[in-house]
Amino acid sequence: MKKKLSRHTFVSTLIVVLCIYTHTQHALLFYKIFSKTSAMNLSTRISSSRDKKSNLYYVTLVAVLCVGSYLLGVWQNSTVNPRAAFDTSTDAPPCEKFSKTTSATDLDFNAHHNPHDPPPSTVTAVSFPSCDAALSEHTPCEDAKRSLKFSRERLEYRQRHCPEREEALKCRIPAPYGYKTPFRWPESRDVAWFANVPHTELTVEKKNQNWVRYENDRFWFPGGGTMFPRGADAYIDDIGRLIDLSDGSIRTAIDTGCGVASFGAYLLSRNITTMSFAPRDTHEAQVQFALERGVPAMIGIMATIRLPYPSRAFDLAHCSRCLIPWGKNDGVYLMEVDRVLRPGGYWILSGPPINWQKRWKGWERTMDDLNEEQTQIEQVARSLCWKKVVQRDDLAIWQKPFNHIHCKKMRQVLKNPEFCRYDQDPDMAWYTKMDSCLTPLPEVDESEDLKTVAGGKLEKWPARLNAVPPRVNNGDLKEITPEAFLEDTELWKQRVSYYKKLDYQLGETGRYRNLLDMNAYLGGFAAALADEPVWVMNVVPVEAKHNTLGVIYERGLIGTYQNWCEAMSTYPRTYDFIHADSVFTLYQDKCEPEDILLEMDRVLRPGGGVIIRDDVDVLIKVKELSKGFQWQGRIADHEKGPHERVKIYYAVKQYWTVPAPEEDKNNTKALS
């Protein structure tokens, strides 16, 4: 018995020595296995009659384990481990070169599953200087000097004209000196900092119309307008007495020639989201005021190209003294309104020539001139098969038909305008010329009622948000099924929940107001934020595989088309937060990533947040480039975990402005 125990002790000691010699855990593992086996079998051998034979087996097994452990240890110590925990850089020394006296403070306990930075040859650090202070409101595609090259006919010169790529600025647009974070919604509806939009022209020009007032260091917006001096709220109440604005059937509106967008601002309290637009003209900064107030708006004009929205997008269109010649040019502007209006949608007109019998003296026009203008508008509206619902005081309202059953029969009498060709895509609206033709509605069975909605009936808001849109139900978009739509909706709820963990400001109610989704697809990102006090400009890139902007509008959301190799039709510092899903991958062979980043930086407010979702190799390059914009950020894992190639880059634009003017510096020195 003692002899057997001494053998076990000898073998155990031998394995321990091998463990120390080889610096590996493999021999130790074998020792544990052997110890358990020996302990279990030792008691068996005491009572067994086959002791000698068993001992021979165990001695052989131990010998094999010892030799195997020794050989494995020798092999492992002769090879440099390329994934050593200490190897944090490409030129780090191998593990065996570290001194045995290394202190515990030198050890690296950080995770090493993150992607390594690329070699210097892949990404070169680029610094983007600040542009001149005079360019603090630079809008590249609405530049006044460039516009002079184009025709004034039909105001073509005021529409979008972008610079050639070699002409584009390669500097960062600065915020004006004294810029402050805008007021939070809903306070921002009524007040904005003067330093953010330092223009007082409208306070003088529109003084008697209650557009905007300037007091001390801020602007106040009483809610007035040219045709609603009592305020937008009272004006909207007047409209609400003529058509129902409260039952959820009217959700999206478009305001042409919006001024400072008070109409859209006050519709928000009635759960109606308005796309307001106006040109960059003599009414300096009107759209910029709207955006500063936290109201959706874009720079735009009705000239020679289509508005950048799909067909059947809006429940309501509005013009309050917008100065658009609706009856001229064969009625082409009303035909464009008809294209973007939903079946059964309303067009509201106030201001000249409505109620000209009482207003003509104040408008400084002749009665005959105003009468002729209204007659032209009435004729064009009838030719579009619109029905005049009501005219009361300064308001006139028309309604578009629910389908074109009756309208097709009328074409036999009214030859003009003709229906547009069926091979023309009514949703194509990026530099697409306006046509003097009537956009046909989707076909319905002629046996159907005149109230049958062409293209499919929409749910009322808020059910509209998550109901399957008619364009999806009808199979208008290949590969996007009702099931895929519902899955996408749930997916974005999960993703936005994850985003809020990365960007605590996104989860902070009221911190952000104006949001931009650069590649919106079906609008899932915006839908997941529908209960927050934010609005999202959903962009569908013209290069996207599917034109889904019509689906986004059918959900009761708003958006626009855009080519991200060009600048957006908006002012600098429009958005508090930008979301970009696979945008850089989409444009990899079309323009440089720094061009897209320059535009993102232009429209992002100081202190604003960015989340870029893309392939990890793309994000590494983007992150390196963004250092030249004074962005601070980090790359995080996909919401499903670290094994996904798609990662998320979260960054914040640092606060910076143009330097203080010399007179301010001198005043500061004098005070000190």
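Predicted model: local features only at pLDDT ≥ 70, side-chain atom pairs only at ≥ 80, totals over all residues.
Good morning. I begin with an open sheet of 7 strands, which run in the order β6-β5-β4-β7-β8-β10-β9 with mixed pairing. Its edges are β6 (297–299) and β9 (387–392), each of which pairs on one side only. From one strand to the next, the twist averages 20°.

Strand β5, residues 273–278, pairs with β6 in the parallel sense over 3 bridges. Within that pairing, Phe277 has Met298 in β6 as its bridge partner. On the sheet packs helix α6, which touches β7, β8 and β10, and its direction makes about 50° with that of β10. Helix α11, residues 367–383, also packs on the sheet; it touches β8, β9 and β10, and its direction makes about 150° with that of β9.

I now turn to β4. Strands β4 and β5 pair in the parallel sense over 5 bridges, and Ile254 has Met275 in β5 as its bridge partner. Is strand β4, residues 252–256, mostly covered or mostly open? It is mostly covered, with 5 of its 5 residues buried. On one side these are Thr252, Ile254 and Thr256, and on the other Ala253 and Asp255, so that both faces of β4 are covered.

The largest nonpolar core has 133 residues, and Trp326, Trp347, Leu516 and Met600 have the most contacts inside it. Helix α9, residues 332–340, supplies the largest share of this core, namely 6 residues. Why does the core lie between domain 1 and domain 2? Both domain 1 (171–457) and domain 2 (470–653) give residues to this core, and it therefore lies between them.

Leaving aside residues up to four places away in sequence, Trp347 touches Ala317, Trp326, Leu334, Val337, Leu341, Ile377, Trp386, Ala396, Ile397 and Trp398.

Strand β3, residues 218–220, pairs with β2 in the antiparallel sense over 3 bridges, and Arg213 has Trp220 in β3 as its bridge partner.

I close with the chain as a whole. The protein chain contains 21 helices and 17 strands. Of its 672 residues, 51% count as buried. Among the contacts with a separation of 6 or more, 68% are between residues 24 or more positions apart. The accessible surface of the chain comes to about 33300 Å², and 53% of that surface belongs to carbon and sulfur atoms. Thank you for your attention.

Conventions
Residues numbered from 1 in each chain as written. Heavy atoms only, no water. Helix = DSSP H or I, 4+ residues; strand = E, 2+ residues; numbered from the N terminus. Buried < 20%, exposed > 50% of the residue type's maximum accessible area, 1.4 Å probe, protein only. Contact = heavy atoms within 4.5 Å. Areas by Shrake-Rupley, 256 points an atom, 1.4 Å probe, with all protein chains shown as cover. Pairing = 2+ DSSP bridges. Axes fitted to C-alpha atoms, helices over the stretch in contact; angles between N-to-C directions. Core = buried A, V, L, I, M, F, W, Y, C linked by side-chain atoms within 4.5 Å. Domains from an automatic or database assignment.
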